[in-house]
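This briefing goes through a structure topic by topic. Look over the sequence and the model first, then read the points below.

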Amino acid sequence: MRLRAGACAALASVLLATGCATPASQRTEVVVYAAASLNSVFTRLGTEFEASHPGLSVKFSFDGSATLLDQLSAGAPADVLATADEPTMAKAVTAHLIGGAPTVFATNVLTMIVPAGNPAGITGLDRSLEGRKLVVCADGVPCGSATRKLAGLLGVTLHPVSEETKVTDVRAKVETGQADAGIVYVTDARASGDAVESIPIAHADQARNDYLIAVPTSATQPVAAAQFIEFVTGSSGRTALADAGFGG
Amino acid sequence: MIRPALPRWVAVPAAAAAVFLAVPLLAMLVRVPWVRLPALLATPAALDALGLSLRTCVLTTAVSLVLGLPLALVLSRGRGRWASFGRILATVPMVLPPVVAGLALLVALGRRTWLGGTLASAGIDLAFTTAAVVVAQTFVAMPYLVVSVEGALRSARDRYDVVAATLGARPTTVLRRVTLPLVAPAIGSGAALSFARALGEFGATITFAGSLQGTTRTLPLEIYLQREVDTDTAIALSVVLVAIAALLVAATARLGRTGSVPS
Amino acid sequence: MSAVTVRACVAERGVDLALDLPEGTVSAIVGPNGAGKTTLLHLIAGLARPSAGTVAIGGREVAGPTRFDPPHRRHAVLLTQDTALFPHLDVLANVAFGPRAAGVAPAKARARALTELDAVGCAALASRHPHALSGGQAQRVALARALATDPAVVLLDEPLAGLDVAVAAEVRHSLGQRLRGRTAVLVTHEVLDIWTIADRVAVLEAGRVVETGSTSPLLARPTTAFLARLGGTNLLTGTASGHDSLELAPGVRLVGLADPDQPPNPGEPALAAVAPAALSLHLAAPGGSPRNVLAAVVTSIEPRGEVARVHLETAGQLLAADVTAQSVAELDLRPGLTVQAVAKATQVRVYGR
């Protein structure tokens, strides 16, 4: 990233010397490290943010929350960190990687999905799952922890055939029909479109996942970063997040 | 005879290459929480992953030998377009990106496919089973055995087979007592490479077999999971994987040195 | 009865061979490179498939229009210049390989192998690996290995080529000893092999058998240029003009001694054999009364140590003369020069076809 910035600066000086128009690289760039589940909604918000904030541009790096934390502690040049769960952000705070207090900007709840047409005749977290192939997230990753918590609340014991590291892997296995059912975030169910059908899980909101956003202490553009967070938590952000299925 | 010396400047890029290859592995060794290592590796999840990996890799190597050796034999005798085609076919899984291998298996053997459905109606349901792990590993690992043995068979001249036949040995006897023993080092190194490749198999397994402790979650999948949960455990397991891989490579190199004359 | 009968074509190699190999005899196969000698061995061993015709071993058809027995069912064992001893087996296991493949029990096979090794003087090498053998030892072990299978026919493809002279002599001795009384086919370029090992000779040229017969008469009275060269003699052809002379060309006569076993018939085609060493070269016809003076043109001069072989052309036929290097200098021999080649009549053998 730093190398690239240097190259851009060099390029900019060349362009200035030849008398070109103001290049994009003269804009202030906000680097946002965001959880993978935010990919589509943040990409959309980034475009809107750049349109309404002349002189600012946004660059994203999407990955699993834990991976983002690893990269941040290894010195990645992030101006904004957005995690898909609270514990990861708490770790960042404990490690003094975060300056101010993180803000909850969205929530996500779990739902059950089945392949289109529901070939296995699943009706919910009930006996219809017996002998069927249920795929969930592994305990330890945010959606897996939420799944375990929800199952505990409902007093059911799940017998999954696979515990995936990424929620997108759960989605893929249901979409392809390898699995008869899966437990994913509402936002994932929405992103899968017609490939899956959703079966809401009762009391899902009691095991909701909080999405937190904060400015790392190492941020080189803290002011612009604050502006981006303001935008995400503002009305434009709330609309886009709600469209994607996130809760407020 | 003294060979003319290499130009001195070669040492510079050579050293750079050596450093480039060694640094990531050394960095991992430095980063290993050595004190906690036994505890990290003794967890049920880690032990299950290690045990599953070793079991499936042994099975994969066995399947690769049973099916891959005959394929290598047939290909090594093959002439013309079909043989070239077969050779390419046997090599492609080696160079497939892991996820592509997984997708290919999924669209071939997935539950919603004709072949997968046929197998399922015959009572063979591969989805999310240890057998699926072996299938995924074999798909990417067997080519290493086939290519290694086929190459050795093709470069071995057929004079020994011819002489053995004129001495009255039936084709099976020739194969058992002459052809295969002569390429034994290549079979050994091919099997070791297959084992190593199977051990590192990740993409096809996670796409095709799933990830469940003790059933389908092999060492690489456990590392992938622990990377999201606990980096120290991930690194500890990685070191185990690196150690096994290094042992296998060393064994292969040894087989290579022994040459074609085991004494 | 013939032990091996070949009446077979291999179209793609341009070979059409008709040959009977008598039981219990060693037949030498000679001929220029590419004449089809190795193809003949391959036809018998089952390593080449006839495009037409048949091959029979011991009266049993092993290859024909509707039949092709693979090598392992033919009892025809092949020995080549590169011995192809199995590098992963020790000498004893190599020799025991054939009996083991035939189903003989391990102990019995090993005993048989030791007997065969002993017969070629290699029993002491039993526990060695092939890479620890000299070329001559390897060839003798290969012979033992071949004979341990009790083959119906032993096929030898230039087994002594590639061995140095002293070693070849030893192996030649072993071969002569161990092949005596067996049916064997020996492809060779060496006249010494033929004299010491073979009972019969077959000459192959351009994929055909052009001559067969017992060794001594064939070499004594060569009928083909190849046989003559092999026997180290010049072969001249012409028409018998008397009982001890022939006319090479109109007016060019050669007088010699008629071969009592095959005297020439006047007026019919006849042959004359004269050794290169029996010819002397002169710039002008010498005085006295030598009966054979042939005008010849030098085509090339080939140094051979103390002598030089001078290749000549006379009356459209090739002739070689061995003269001392000193003579070459004194006569100032060079290609294109016309000389007079003189041979005593007692050194010329004249015979009919």
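Predicted model: local features only at pLDDT ≥ 70, side-chain atom pairs only at ≥ 80, totals over all residues.

From the N terminus on, the elements of chain B run α-α-α-α-α-α-α-α-α-α-α-α-α. The count for chain B is 13 helices and zero strands.

**Chain B as a whole**

- Along the principal axes, the C-alpha atoms of chain B fill a box of roughly 65 × 65 × 35 Å.
- Chain B has 263 residues, of which 40% count as buried.
- Take the contacts in chain B between residues at least 6 apart in sequence: 77% of these join residues at least 24 apart.

- Helix α10 of chain B covers residues 184–200, which makes 17 residues. At 1.5 Å a residue this helix should span 24 Å, and its end C-alpha atoms are 24 Å apart, so the two values agree.
- α10(B) is mostly covered, with 14 of its 17 residues buried.
- Helix α5 of chain A (residues 142–154) has 13 residues. From its first C-alpha to its last it reaches 18 Å, close to the 18 Å expected at 1.5 Å a residue.
- The buried residues in α5(A) are P142(A), C143(A), G144(A), A146(A), T147(A) and L150(A).
- An α-helix has 3.6 residues a turn, so residues three or four places apart point the same way.
- After α5(A) comes G155(A), which has a positive phi, near 70°.

**One residue in chain B**

- V23(B) lies in helix α1 of chain B, which covers residues 11–31.
- Is V23(B) buried or exposed? V23(B) is exposed, because 10 other C-beta atoms lie within 10 Å, and a residue counts as exposed at 12 or fewer.
- V23(B) and L237(B) are 214 residues apart in sequence, and their C-alpha atoms are 18 Å apart in space.

**Where chain B touches chain C**

- The contact joins 18 residues of chain B to 22 residues of chain C.
- On the chain B side, the elements that give two or more residues are α8 (159–166) and α9 (171–182).
- α8(B) gives the most to this side, with six residues.
- By residue type, the side of chain B that touches chain C divides into eleven nonpolar, five polar and two charged residues.

**Where chain B touches chain A**

- This contact takes 17 residues from chain B and 20 residues from chain A.
- Helix α12 of chain B (residues 219–229) supplies the largest share of the chain B side, five residues.
- The side of chain B that touches chain A is made up of eight nonpolar, five polar and four charged residues.

**Nonpolar cores**

- Which residues have the most contacts inside the largest nonpolar core? They are I44(C) and L155(C), and this core has 201 residues.
- Helix α7 of chain B (residues 130–155) gives the most to this core, with 16 residues.
- Leaving aside neighbours within four places in sequence, I44(C) is in contact with V4(C), V6(C), V55(C), I57(C), A76(C), V153(C), L155(C) and V185(C).
- A second, separate core has 41 residues, including F42(A), L45(A), V58(A) and I229(A).

**Domains in chains A and C**

- Chain A is divided into domain 1 (2–106 + 210–243) and domain 2 (110–207).
- Six residues from domain 1 of chain A and six residues from domain 2 of chain A take part in the contact between them.
- On the domain 1 side of that contact, the residues divide into one nonpolar, four polar and one charged.
- For chain C, the domain assignment gives domain 1 (2–220) and domain 2 (233–352). The C-alpha centres of these two domains of chain C lie 39 Å apart.

**Confidence**

- Chain A averages a pLDDT of 87, and 90% of its residues score at least 70.
- Over residues 1–22 of chain A, pLDDT stays under 50. The model has ten contacts beyond four places in sequence for this stretch.
- Chain B averages a pLDDT of 89, with 97% of its residues at a score of at least 70.
- Within chain B, confidence is highest in helix α3 (residues 44–77), at 95, and lowest in helix α13 (residues 231–258), at a mean of 84.
- Residues 259–263 of chain B have a pLDDT below 50. Beyond near neighbours in sequence, these residues have eleven contacts in the model.

Terms used
Residues numbered from 1 in each chain as written. Chains lettered and ligands numbered in written order. Contact = placed C-beta atoms within 7 Å. Helix = DSSP H or I, 4+ residues; strand = E, 2+ residues; numbered from the N terminus. Nonpolar A, V, L, I, M, F, W, Y, C, P; charged D, E, K, R; others polar. Domains from an automatic or database assignment. Core = buried A, V, L, I, M, F, W, Y, C linked by C-beta atoms within 7 Å. Buried ≥ 20, exposed ≤ 12 C-beta atoms within 10 Å, placed from the backbone. Expected span 1.5 Å × (residues − 1). pLDDT = per-residue confidence, 0-100.
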